[in-house]
Amino acid sequence: MKKCEYCGSKAADDVVQCAGCGAKEFKNICISCETTFLGNKCPNCNVTIGDKPRTCLNCGKNSFEPVCPDCRVDLINRRIVQVNPYPTAVQQIPKKKSGIVASLITLLFIVVFIGVIFSSNSDKNTISDKNTIIQSLPDMELLTLKEHPKFYGDYKAAKSFWKEFDKAIVVNASGTTLYEDALLLVTTGDSDDGIITNVTINLSDYEKKHDLELDNVMRLICDYIPYDIINQYYDFKEAFHEVSKYSRYEAYHYVMEINDKGKEAKKSGESYLESKFAFKIIHRNDNDWIAKMNYLAYKGNHDKFQADAYDVEAWDVDLEKYRK
């Protein structure tokens, strides 16, 4: 299985052109862990394209691992692997002490020990409950958390801000392909000391995605726009809407180019600025919505493949309408 690099549609390994957008560039999907990657080997679990799972002759479990995860049979050499999960050290049981004093000391020790254990478990349960509440925050609330870092914001601050949330992934560019299906993907360049240069909101798994409209997604992606930066250093270039004539795919593109003031700020080192500020919103298969903000987002599919396969028109949109 593989996935289109541009619209995200899945396809069989022998497909050469995406049925969703007409692209011919794909990324592989690992058959074992479902990680998306380029090349022949999954960087997450080392499974190679074309590998087949091994069947355990002892319990029938299918696995790509060398040892069966259920019964510990060596799937390569067909032998049982002995695993002792318990420590081998034998604890010495202290001898009983006689006398009333010894009995009182023992009783006191037991009471204190039980109190410590109870307190510890109580604290753990409290922490666990808090983490559960944080990590199970509804998707829309997570995406619009108050004072969250925005595009061109500090990468380290973003990593700290979202560290408690499983659905928000903050990584540098080298790890992007491993988390493309995350609800929120925030990335920087290869350096962890940089700033945010990519924001992706993937609503394909959102349980209420059937109720979403363009206006809803616009409010989400615009919540990550640094208006103070783009209004000062960028000028509007174009906004357009493209629709595929042969598949359920459309995309909205918004593009700004760096102006003279921005070029001076970039040259002086005052600010890190890309040559373009852009975002696109992809709507495919009737209910999948994906919004991407990065300087390459302005490239429409009609400019890459089959220009006559798309209807393209200007998109009249006012970003200030969505400013908070």
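## Buried positions and aromatic pairs

Ala-309 is placed in the loop that runs between β15 (288-293) and β16 (310-314). The model is a predicted one. Is Ala-309 buried or exposed? Its relative accessible area is 3%, and because buried means under 20% relative accessible area, Ala-309 counts as buried. When residues up to four places away in sequence are not counted, Ala-309 touches Val-243, Ser-244, Lys-245 and Tyr-246. A further residue, Ser-247, lies 62 residues from Ala-309 along the chain, with 9.5 Å between the two C-alpha atoms.

Leu-185 belongs to a strand, β10 (residues 184-188). Leu-185 is likewise buried, at 3% relative accessibility.

| Residue pair | Separation in sequence | C-alpha to C-alpha |
|---|---|---|
| Ala-309 and Ser-247 | 62 residues | 9.5 Å |

Attention now passes to the aromatic rings. How many aromatic pairs are there? The count comes to 10 aromatic pairs. One of them joins Phe-151 and Tyr-152, with ring centres 4.7 Å apart and planes at 50°, so this pair is tilted. Phe-151 and Tyr-152 are both buried.

Trp-162 and Tyr-224 form another aromatic pair, and this one is stacked, at 6.4 Å centre to centre with 20° between the planes. Where do the two partners, Trp-162 and Tyr-224, lie? Trp-162 is in the loop between α3 (155-161) and β9 (168-172), whereas Tyr-224 is in the loop between α4 (214-222) and α5 (227-233). The pair therefore ties together parts that are 62 residues apart in sequence. Trp-162 and Tyr-224 are each buried.

Five named residues, Phe-236, Tyr-252, Tyr-254, Phe-279 and Trp-315, form one aromatic cluster. A charged side chain also takes its place over a ring: Lys-276 lies over the face of Tyr-298, at 5.0 Å from the ring centre.

Definitions and conventions
Residues numbered from 1 in each chain as written. Predicted model: local features only at pLDDT ≥ 70, side-chain atom pairs only at ≥ 80, totals over all residues. Heavy atoms only, no water. Helix = DSSP H or I, 4+ residues; strand = E, 2+ residues; numbered from the N terminus. Buried < 20%, exposed > 50% of the residue type's maximum accessible area, 1.4 Å probe, protein only. Contact = heavy atoms within 4.5 Å. Phe/Tyr/Trp six-rings, centres within 6.5 Å; stacked < 30°, edge-to-face > 60°. Lys NZ or Arg CZ within 6 Å of the ring centre and 35° of its normal.
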